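Me: Before we discuss this model, please show me its sequence and coordinates. I would then like to go through it by questions, with each cut-off stated where it is needed.

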Amino acid sequence: MPRASYAHAAVIAAPAIDVWRRLQDPETWRTIGGIDEIWDPATEDDNLAGFRWKATAGARRITGTARVTERANPPRMVLALSTSEMTGTLVADLEAGAGATRLDITLSFASRGMVASLFFPLISTVLGEGLVRQVDEFAASF
């Protein structure tokens with residue numbers, strides 16, 4: 001089955017703990033992940049545990065779930081993404097610096113089944129092109 005991975009980094013003029021706190025807000029992932037809608041967020045000990053989401057890729061509407069599978073407060077958070085047609089991860093790595101934080105976002109995904117494979121090039125292109133803008137917009141929001 002087809003697979004793809006995209007990554008982008010941005011420097012944020014804020015301490016790592018402030019960036020980490022924003023990563024616990026499901027709406028942050030709507031911005032970073034190119035997601036249109038988020039609902040049913042879940043938390044554990046004041047940290048994000050997961051949510052359901054919808055996104056658009058071309059003319060296709062995609063509905064899925066995101067579940068936090070790894071958390072190191074900070075510097076790392078991993079969301080496992082799942083839809084009926086695709087699976088993947090969205091990883092946020094933070095590196096604290098002098099008065100700023102480097103945020104590295106990596107989006108990796110693969111299709112499930114033959115039908116999803118047919119649409120994979122379109123979906124991959126849309127997700128890859130959007131990631132740079134989305135991460136930069138998140139960084140500029142601080």
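**Contacts, burial and backbone**

Me: Where do Arg21 and Asp18 both lie, and how many residues apart are they?
Reply: Arg21 and Asp18 both belong to helix α1, at a separation described as about one turn of the helix, where helices (H or I, at least four residues) and strands (E, at least two) are DSSP runs numbered from the N terminus. The model is predicted, so local features need pLDDT of at least 70 and side-chain atom pairs count only at pLDDT 80 or more, whereas totals for chains, interfaces and linings use all residues. Residues are numbered from 1 along each chain as its sequence is written, and side-chain values use heavy atoms, with hydrogens and water left out. For this pair, the place is helix α1 and the separation is 3 residues.

Me: How far apart are the closest N and O atoms in the salt bridge of Arg21 with Asp18?
Reply: A salt bridge requires a side-chain nitrogen of Lys or Arg within 4 Å of a carboxyl oxygen of Asp or Glu, and 8 salt bridges are counted by this rule. Arg21 counts as exposed because its relative accessibility is 52%, and Asp18 is partly exposed at 30%, given that buried means under 20% relative accessible area, exposed over 50%, and partly exposed in between (1.4 Å probe, protein chains only). Between Arg21 and Asp18 the closest N and O atoms are separated by 3.1 Å.

Me: Which residues of helix α1 are buried?
Reply: Helix α1 spans residues 16-23, and its buried residues are Ala16, Val19, Trp20 and Leu23. These residues lie on the same side of α1 because they cover an arc of only 100° around the axis, the arc being that of the directions from the helix axis to the C-beta atoms. The buried residues are therefore Ala16, Val19, Trp20 and Leu23.

Me: How many residues apart in sequence are the parts that the pair of Glu44 and Arg71 ties together?
Reply: Glu44 forms a salt bridge with Arg71, and the closest N and O atoms are 3.8 Å apart. Because Glu44 lies in strand β2 (residues 37-44) and Arg71 in strand β4 (residues 60-72), the parts that this pair ties together are separated in sequence by 27 residues.

Me: Is the ring pair of Phe109 and Phe120 stacked, tilted or edge-to-face?
Reply: Rings of Phe, Tyr and Trp (its six-membered ring) pair if their centres lie within 6.5 Å, and planes under 30 degrees apart count as stacked, over 60 as edge-to-face and the rest as tilted. The count by this rule is 3 aromatic pairs. Because the ring centres of Phe109 and Phe120 are 5.5 Å apart with their planes at 45°, this pair is tilted.

Me: At what distance from the ring centre of Phe142 does Arg22 lie?
Reply: A charge sits over a ring if NZ of Lys or CZ of Arg is within 6 Å of the ring centre and within 35 degrees of the ring normal. Arg22 lies over the face of Phe142, and its distance from the ring centre is 4.3 Å.

Me: What is the phi of Asp46?
Reply: Most residues other than glycine have a negative phi. Asp46 is in the loop between β2 and β3 and counts as exposed because its relative accessible area is 75%. Asp45, found in that loop, has a positive phi of about 50°. The phi of Asp46 is also positive, near 65°.
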